[in-house]
Amino acid sequence: MTGNSINSDLIRGHIDTIILGMLQDCDKYGYEICKEVTDLSGGAYELKEPTLYSAARRLEKQGLVSSYWGDEVSGGGRRKYYTITQQGVAIYHQNLQEWNRALAIIEKLLSREARTKEDH
């Protein structure tokens with residue numbers, strides 16, 4: 001782990017929600033999602049393509065995203081685009097609320113720990 005990176009274990013349980021979040025505004029293809037995650041994290045987290053595609057298959061089976069093939073691009077290949085479903089939007093917002101509750105609890109617990117250490 002480099003100085004700017006984050007332990008991927010801290011992110012692992014939130015990959016589905018991150019992907020759903022990346023699809024909130026528009027459809028995206030796999031590499032585009034990975035690049036956006038890296039860019040938005042300032043390089044601190046890199047979503048690997050195998051992880052993305054595994055999660056995308058899972059999300060598609062759950063009905064949270066759907067996919068389609070885009071037009072052929074100038075390298076001869078076609079890109080598979082992902083779009084969030086209405087159910088995916090609902091789950092994204094539910095997960096975001098749960099994350100915010102968990103974050104508030106973790107902050108309280110860690111700040112309590114810091115206060116307890118100061119008292120001793």
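A residue counts as buried when its relative accessible area is under 20%, and that cut-off will be needed below for one threonine in this predicted model. By the same criterion, buried residues make up 24% of the 120 residues in the chain.

The overall layout comes first. The chain contains 5 helices and 3 strands, and when these elements are read along the sequence they follow the pattern α-α-β-α-α-β-β-α. Among the contacts in the chain with a separation of 6 or more, 50% are accounted for by residues 24 or more positions apart.

The strands form an open sheet of 3 strands, whose order is β1-β3-β2 and whose pairing is antiparallel. Its edges are formed by β1 (28–29) and β2 (65–72), each of which pairs on one side only. Between β2 and strand β3, which covers residues 78–84, there are 6 bridges, and these two strands run antiparallel; within this part of the sheet, Tyr-68 stands opposite Tyr-81 in β3. Helix α4, spanning residues 49–61, packs on the sheet and touches both β2 and β3, with a direction that makes about 120° with that of β2.

Sorted by class, the contact of α2 with α4 comprises 6 nonpolar residues, 1 polar residue and 2 charged residues.

The threonine mentioned at the outset is Thr-17, which lies in helix α2. Its relative accessible area is 15%, and because this value falls under the 20% cut-off, Thr-17 is classed as buried. What does Thr-17 touch, not counting residues up to four places away in sequence? With those residues set aside, Thr-17 touches Tyr-92 and Asn-95. With Asn-95 there is also a polar contact, made between the side chain of Thr-17 and the side chain of Asn-95 at 2.9 Å.

Key. Residues numbered from 1 in each chain as written. Predicted model: local features only at pLDDT ≥ 70, side-chain atom pairs only at ≥ 80, totals over all residues. Heavy atoms only, no water. Pairing = 2+ DSSP bridges. Helix = DSSP H or I, 4+ residues; strand = E, 2+ residues; numbered from the N terminus. Contact = heavy atoms within 4.5 Å. Axes fitted to C-alpha atoms, helices over the stretch in contact; angles between N-to-C directions. Nonpolar A, V, L, I, M, F, W, Y, C, P; charged D, E, K, R; others polar. Buried < 20%, exposed > 50% of the residue type's maximum accessible area, 1.4 Å probe, protein only. Polar contact = N/O pair within 3.5 Å; in protein donor to acceptor, adjacent residues only side chain to side chain.
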